[in-house]
Amino acid sequence: MADPRIIKEKIFLVTIFALTILGILPVFHVLAEVIIKGSEAIAKHGLGILTSTSNGILASLVGSAILSILASLLGIPLAIAAGLFVAEFSDTKLAKITRVVSRSLLEVPTVLLGMLVYIIMVVPMGSFSLLAGAIALALVMLPYVMVHVEQAIESVPPIYREAGYSIGMTRAEVLLGVVAGIARRGIATGVLMGFAKAMGETAPLLFTIGAARTTLPCSHSIPLANVLDPGDAVPLMIFQYAQMPQKMYHDMAWAGSLILVAAFLAVFIAVRLLVKEVKT
Amino acid sequence: MERDAVRTENLNVWIHGKHVLKNINFRAAVSAITVIMGPSGSGKSTLLRSINRLIEIVPGTKVEGKVYIFGRDIYSDDPYRVRRYVTMVSQTPNPFPHMSIYENVAIGPKLHRLVRSKEELDKIVRWALEKAMLWDEVKDRLNDPPTRLSGGQQQRLCLARALALKPRILLLDEPTANIDPVNARKIEEAIKMLVKEEGITVIFVTHTPAQAVRVADFIAFIYNGELVEYGPAREIALNPRHRLTEMYLRGEIG
Ligand SMILES: Nc1ncnc2c1ncn2[C@@H]1O[C@H](COP(=O)(O)OP(=O)(O)OP(=O)(O)O)[C@@H](O)[C@H]1O
Ligand SMILES: [Mg+2]
């Protein structure tokens with residue numbers, strides 16, 4: 001007669017295993033679907049589907065690239081700074097307020113963030129722009145990255161702070177040189193999560209970038225000023241093209257999905273490889 | 001010239017309202033090992049951490065009274081400056097896990113600009129590792145992370161990190177509590193040599209009477225936040241004046 005505890009253990013392991021498979025299957029299904037449909041679309045229409053603005057999605061790709069850089073520049077440094085501040089000075093009033101505000105921002109439907117930027121920026125400037133979209137995306141990113149940075153910092157055991165102080169480090173040296181250094185993997189992961197979340201968003205872009213799908217943002221002679229032009233983004237393009245009746249639009253949406261997924265994977269893998277885990 | 005490297009005057013410490021140190025008048029002689037001995041929770045770590053003002057990094061602490069180091073009142077000085085010449089090794093080995101073995105030792109001299117060139121830095125790192133009796137074990141793997149070292153080696157690395165600043169006073173909070181006896185003896189040896197060769201003043205916290213007797217020149221016995229007895233190690237060990245000290249040495253309390 002087998003030991004009932006061992007039988008229970010077996011049942012437990014089989015259940016966990018089965019549920020895990022069940023959980024990851026849809027993910028692989030979606031990935032496979034995107035890869036297959038995306039490559040079919042590119043094979044059928046040629047690379048022109050990516051490199052043309054009239055019969056392709058070039059404007060969306062360019063727009064997404066600009067948005068991701070701009071939103072990251074605006075959102076990530078601020079989020080890291082705020083996360084460090086809130087974790088380090090957690091009993092100050094400002095930190096407590098910042099924490100509540102960031103947690104609330106996390107719950108705000110992202111379409112409202114788009115509306116907000118529409119009201120405070122698009123209307124006064126009289127034009128949609130990539131910059132407006134980037135600000136909306138930065139607002140999406142901000143609380144996510146902040147919360148992750150905060151948690152990464154708080155998870156560093158206090159013995160390392162003590163070590164820093166006991167050799168005469170200042171508070172800034174301990175925070176930046178020791179604590180943030182130990183938490184670097186957690187911080188990098190948080191930044192990636194926020195980045196991915198923002199870059200997959202459609203809603204904040206609806207009222208901000210103008211979905212300029214057939215022109216590139218290049219009306220200004222100073223290159224940087226072109227961020228004030230309207231533009232497009234891949235998720236927005238997918239969202240709108242998927243609703244069109246013609247097959248050609250669907251193919252462009254699939255091609256865009258493939259590029260989006262590939263870009264995400266590239267960024268993720270690069271960051272994971274560059275930022276090494278710190279074992280404690 | 002002060003004979004005492006460290007002297008406290010009616011030192012009182014409260015942590016979250018709890019009176020942890022009561023009117024402590026403690027001394028540590030220059031170039032000697034003073035052991036702070038006492039049962040768990042008696043306030044040994046708190047006393048040690050009052051001497052380098054590390055106590056202040058915990059919110060909710062209140063310190064009253066004076067701490068003089070070579071005659072200077074440190075509570076009217078900059079805490080970061082104090083910790084530059086009064087360094088500490090904690091109870092749990094805590095080498096910086098994101099730095100290499102070399103960087104762990106080099107970080108102090110680099111931050112405090114004690115060196116001008118890479119050669120000087122290399123020299124100081126080697127000196128500190130030798131003094132901590134770790135050099136031979138790590139000289140071929142200076143770029144490894146410290147997490148690849150054993151607990152005892154990690155603790156000696158922490159000792160080297162504290163020594164690299166060439167401190168005048170070294171605070172040790174049960175540095176051998178979490179490591180094996182062989183490593184513990186190595187640390188004890190290293191510390192005795194440091195006092196003899198470099199003239200460093202050492203304050204050593206322990207809760208084991210046997211270790212206290214092995215390393216101490218002077219012993220301070222703390223019980224329940226009060227300094228019960230203080231004197232030369234032999235006197236305290238052979239004829240303690242106070243009944244509590246005697247009981248503690250016999251292992252009846254603690
Ligand atoms: N952060 C803290 N919060 C509340 N109480 C504290 C804190 N740190 C220390 N104490 C209290 O102060 C007293 C002395 O603590 P301390 O750590 O100095 O003792 P110790 O003699 O070093 O003990 P051990 O041998 O266990 O390390 C204890 O009663 C402890 O409960
Ligand atoms: Mg202690």
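## Surroundings of Leu47(B)

Leu47(B) is in contact (heavy atoms within 4.5 Å) with Leu11(B), Leu21(B), Ile24(B), Phe26(B), Ile36(B) and Ile222(B), when its neighbours within four places in sequence are left aside. Leu47(B) lies in helix α1 (residues 44-51) of chain B; helices (H or I, at least four residues) are DSSP runs, numbered from the N terminus. Leu47(B) has a relative accessible area of 0% and is therefore buried; buried means under 20% relative accessible area, with a 1.4 Å probe and protein chains only. Between Leu47(B) and Leu11(B) there are 8.8 Å from C-alpha to C-alpha, while in sequence they are 36 residues apart.

## Basis of the model

This is a predicted model, in which local features need pLDDT of at least 70 and side-chain atom pairs count only at pLDDT 80 or more, whereas totals for chains, interfaces and linings use all residues. Residues are numbered from 1 along each chain as its sequence is written, chains are lettered from A in the order in which they are written, and side-chain values use heavy atoms, without hydrogens and water.

## Nonpolar cores

In soluble globular proteins, nonpolar side chains tend to be buried together. A nonpolar core is a set of buried Ala, Val, Leu, Ile, Met, Phe, Trp, Tyr and Cys residues joined through side-chain atoms within 4.5 Å. The largest one here has 74 residues, and those with the most contacts inside it are Ile153(A), Val6(B), Phe26(B), Ile69(B) and Ile203(B). Helix α6 (residues 130-154) of chain A gives this core its largest share, 10 residues.

Ile69(B) touches, among others, Ala5(B), Val6(B), Ile51(B) and Tyr85(B), not counting residues up to four places away in sequence. A second, separate core of 49 residues includes Val105(B) and Leu163(B).

## Two helices in chain B

The axes of helix α3 (residues 101-111) of chain B and helix α6 (residues 151-163) of chain B come within 7 Å and cross at roughly 30°. Axes are lines fitted to C-alpha atoms, for helices over the stretch in contact, and angles run from 0 to 180 degrees between N-to-C directions. The crossing angle therefore makes α3(B) roughly parallel to α6(B), a term for angles under 35 degrees.

In this contact, Ile101(B), Asn104(B) and Val105(B) of α3(B) meet Leu157(B), Ala160(B) and Arg161(B) of α6(B). These residues divide into 4 nonpolar, 1 polar and 1 charged; Ala, Val, Leu, Ile, Met, Phe, Trp, Tyr, Cys and Pro count as nonpolar, Asp, Glu, Lys and Arg as charged, and the others as polar.

Notes: Angles under 35 degrees count as roughly parallel, over 145 as roughly antiparallel, 65 to 115 as roughly perpendicular and the rest as oblique. Buried means under 20% relative accessible area, exposed over 50%, partly exposed in between (1.4 Å probe, protein chains only).
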